[in-house]
Amino acid sequence: MSIKQLDIKGLMNQFNEKGYLVIPSVLSQEKVARLNSVIDTIIENEPESLAYNIYNSVELHPEIASLIDEPTILPLIVNLLGYNIQLHISHLTIRKPNPNDVQTTSQSFIDWHQDGPNPKFPVIERLTATYYIKACYILSDMSEPNRGNTKVIPGSHKKPYDPNHRDVRQQLDGEEQVCGKPGDVFIFAQNLWHAGSPNTSEYTRRQLFLGYSPIWMRPIDYHVASEELLKDADPIRRQLLGQISDNKFKYYVPEESMVPLKSFMLN
């Protein structure tokens, strides 16, 4: 899929209405295979578990770091969130089959929630604004439900909503399981109500989340991007790694030369 094939304005309308998108075939199957090979190596160095949550994943291998500025979806992210943005979080999740619901130290499911800090983002008239957006790269066959899929309540980002319970095992009115094939990308707003459902199938869930936020927010992955990540980074990647100026006031009022992502904004 090339950048030109994305109907950015149409996708923006869908995103604003539902709070999420599924974009097929963003990554080639060769790219998916390379990423899974890297992940295999990462997991070899982890204690055996039914579930893994590995943060700051972009530091672990250049193949993962290459997703920071994935050219197919980056223009869409910029037009959804604005051009003064950075990488906020990179997060690898793996959920092995767990049909008997065995308890794990790193949760094999996540109950209903909106993403954000504690205390929460400001709530005005029972609504939370969109502060960041996540792109979830699907790296295993999630084409059917009950494989540890993410559950969502479409439209719950733009109206007062609170589930009458938080338990993902109980079905909520209007909930959907997000399905996709390896190479597809699921994009959603942090204020969309969502949950990570249990994996009762025979398939292992593998997903890489990369989140983007305004550059004036403190990222979750690091205080300052590492020299390894910054090495050989072009201006767009340097911006996404939060390196636009030594003057931190410029994070609030950047000069145009500091935010090359502005070139992706539609008129």
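Colleague: Which residues lie nearest the centre of the second largest pocket?

Modeller: A pocket is read through the residues that line it. In this predicted model, the second largest pocket has 19 lining residues, and Pro219, His223, Gly242, Lys248 and Tyr251 are the ones nearest its centre. The space in this pocket comes to about 310 Å³.

Colleague: How many residues of each class are in the lining of the second largest pocket?

Modeller: The lining is sorted by class. For the second largest pocket the count is 11 nonpolar, 5 polar and 3 charged residues.

Colleague: What volume does the largest pocket have, and which residues lie nearest its centre?

Modeller: Its volume is about 390 Å³. The largest pocket is lined by 24 residues, with His91, Ile110, His113, Asp115 and Lys134 nearest the centre. By class, that lining holds 9 nonpolar, 11 polar and 4 charged residues.

Colleague: Which strands supply at least two residues each to the lining of the largest pocket?

Modeller: Find each strand by its residue range. They are strand 2 (51-55), strand 3 (85-95), strand 4 (110-113), strand 11 (194-196) and strand 12 (205-214). Strand 3 gives the largest share of this lining, 4 residues.

Colleague: Now the nonpolar cores. Which residues of the largest nonpolar core touch the most other members?

Modeller: A core is a set of buried nonpolar residues joined through their side chains. The largest one here has 50 residues, and Ile23, Leu76, Tyr137 and Ile187 touch the most other members.

Colleague: Take one of them. What is leucine 76 in contact with, leaving aside its neighbours within four places in sequence?

Modeller: With those neighbours set aside, leucine 76 is in contact with Ile8, Leu11, Met12, Leu21, Ile23 and Ile187.

Colleague: How many disulfides does a search of the whole structure find?

Modeller: The search gives 0 disulfides. For cysteine 136, the nearest cysteine sulfur is that of cysteine 179, 12 Å away, and cysteine 136 is in no disulfide. Cysteine 179 is likewise in no disulfide, with the sulfur of cysteine 136 as its nearest, 12 Å away.

Colleague: Is cysteine 136 buried or exposed, and what of cysteine 179?

Modeller: Compare the relative accessible area with the cut-offs: buried is under 20%, exposed is over 50%, and partly exposed is in between. Cysteine 136 has 0%, so cysteine 136 is buried. Cysteine 179 has 29%, so cysteine 179 is partly exposed.

How values were computed. Residues numbered from 1 in each chain as written. Predicted model: local features only at pLDDT ≥ 70, side-chain atom pairs only at ≥ 80, totals over all residues. Heavy atoms only, no water. 1 Å grid on protein atoms, 1.4 Å probe; cavity = no way out; pocket = protein on both sides within 12 Å on 5 of 7 lines; lining within 4 Å. Points joined across faces, edges and corners; volume = space filled by probe spheres on them. Nonpolar A, V, L, I, M, F, W, Y, C, P; charged D, E, K, R; others polar. Core = buried A, V, L, I, M, F, W, Y, C linked by side-chain atoms within 4.5 Å. Buried < 20%, exposed > 50% of the residue type's maximum accessible area, 1.4 Å probe, protein only. Contact = heavy atoms within 4.5 Å. Disulfide = S-S within 2.5 Å.
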